[in-house]
Amino acid sequence: MTTSSSERGVSLGMPELPAPAYPDDVRARLETDAREVIARYPDSRSALLPLLHLVQAEEGHVTRTGMQFCADVLGLTTAEVTAVATFYTMYRRRPSGDYQVGVCTNTLCAVMGGDAIFESLQEHLGVGNGGTTDDGKVTLEHIECNAACDFAPVVMVNWEFFDNQTPASAKRLVDDLVAGRPVQPTRGAPLCTFKETARILAGFPDERPGAVEATGGAGPASLVGLRLARGEAAPARVVHPRDGGPHDTGAHDTGAQDAGPHDEPQDRAVHEPSPTEHLSSHDAPQDTSASDPAHPAGPAAEEGE
């Protein structure tokens, strides 16, 4: 007696049915928007990224129907569109929540508490990475970097910043999102839904009052180099190494022999750092080819020497 392939659970590799079409009224509206987007580019296929945001704004994620639409209006194959839609993580491939909550778990945010925040939110919401709450409100994910290290640990909701978070504050944040209470980002434009965010990313204006005037802005730590270059800030100072080191002149100070191990000499001169020294108060200067004459590369010379 033999069994059929279906009884054995064997897939015959049948091709997938064509994607269903948008309703006529939806397609007509999207075509109008698509023409406006395509007109911005000298080569129509350059409009693919914003058009993927456009169809994501329609359904909350990039569906097969949306990819077929992009292929049709740009004269591309669905394989070409799929290759792009699956490459970028900003395009969702399955239904997701009104609010995309991303917790940075890259190195700095992680050690500052990002890992703890992500774990607490998974338990609090009852979802894993990429999971969406049953009410469709929140999708949780970890992301590699929010480019806001000076505000670590950082959480983003629909790409808006919520800085200096803790597990407790992050749980209050998602509770407010689920309950529909107003939520104000730390900086940047007022919060809107993921579909509304996707339409803005497609290149259409945010018409909410005050939204355009709102600004994210970088933090002081991010801007210190720019301020130094403009002469707007005094040079940073290096804190002396805890273990003494080359700048510890306490042994030569009057009365230093009577000082305790944690007493700081009162007349120590301020050390102004050279360009090759660490500017962080947490890092002791390290030997590098710039400071080690025995290094095979030799001491690094300043430009022009």
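Colleague: Of the contacts in the protein with a separation of 6 or more, what percentage is accounted for by residues 24 or more positions apart?

Modeller: The share is 62%. Please bear in mind that this is a predicted model. The protein has 305 residues, of which 34% count as buried.

Colleague: Which pattern do the helices and strands follow along the sequence?

Modeller: There are 8 helices and 4 strands, and in sequence order they read α-α-α-α-β-α-β-β-β-α-α-α.

Colleague: How is the packing of two helices described, and at what angle do the axes of H3 and H4 cross?

Modeller: Two packed helices are described by the angle between their axes and the distance between the axes. For H3 and H4, the axes come within 9 Å and cross at roughly 120°. The two helices are therefore oblique to each other, and their crossing is right-handed. On the H3 side the contact involves Met67, Gln68, Cys70 and Ala71, which meet Thr78, Val81, Thr82 and Ala85 in H4. By class, this contact of H3 with H4 holds 5 nonpolar and 3 polar residues, with no charged ones.

Colleague: Which residues make the contact in the pair formed by H5 and H6?

Modeller: Let us take the geometry first. Helix H5 (residues 107–125) packs against helix H6 (residues 167–179) at an angle of about 40°, and the axes are 9 Å apart. That angle makes H5 oblique to H6, and the crossing of H5 and H6 is right-handed. H5 contributes Ala116, Ile117, Ser120, Leu121, His124 and Leu125 to the contact, while H6 contributes Pro167, Ala170, Lys171, Val174 and Asp175. The contact of H5 with H6 divides into 7 nonpolar, 2 polar and 2 charged residues.

Colleague: May we turn to the backbone in the loops? Where does alanine 147 lie, and is alanine 147 buried or exposed?

Modeller: Alanine 147 lies in the loop between E2 and E3. Its phi is positive, near 55°, in a residue other than glycine. With a relative accessibility of 68%, alanine 147 counts as exposed, because the cut-off for that class is over 50%. The loop between strand E2 (138–143) and strand E3 (155–157) also holds proline 153, and the peptide bond from alanine 152 to proline 153 is cis, with omega near -5°.

Colleague: Is asparagine 158 buried or exposed?

Modeller: Asparagine 158 has a relative accessibility of 1% and therefore counts as buried. Although not a glycine, asparagine 158 has a positive phi of about 50°. Its position is in the loop between E3 and strand E4 (160–162).

Colleague: Which residues are in contact with histidine 61, leaving aside neighbours within four places in sequence?

Modeller: Histidine 61, in the loop between H2 and H3, is in contact with Val55, Gln56, Arg92, Arg93, Arg94 and Pro95. At 11% relative accessibility, histidine 61 counts as buried.

Colleague: Finally, how far apart are glycine 203 and arginine 40 in sequence and in space?

Modeller: They are 163 residues apart in sequence and 9.9 Å apart in space, C-alpha to C-alpha. Glycine 203 is in the loop between helix H7 (194–201) and helix H8 (220–229), and is partly exposed, with a relative accessible area of 38%.

How values were computed: Residues numbered from 1 in each chain as written. Predicted model: local features only at pLDDT ≥ 70, side-chain atom pairs only at ≥ 80, totals over all residues. Heavy atoms only, no water. Buried < 20%, exposed > 50% of the residue type's maximum accessible area, 1.4 Å probe, protein only. Axes fitted to C-alpha atoms, helices over the stretch in contact; angles between N-to-C directions. Parallel < 35°, antiparallel > 145°, perpendicular 65-115°, else oblique. Left-handed = near helix turned anticlockwise from the far one by under 90°. Contact = heavy atoms within 4.5 Å. Nonpolar A, V, L, I, M, F, W, Y, C, P; charged D, E, K, R; others polar.
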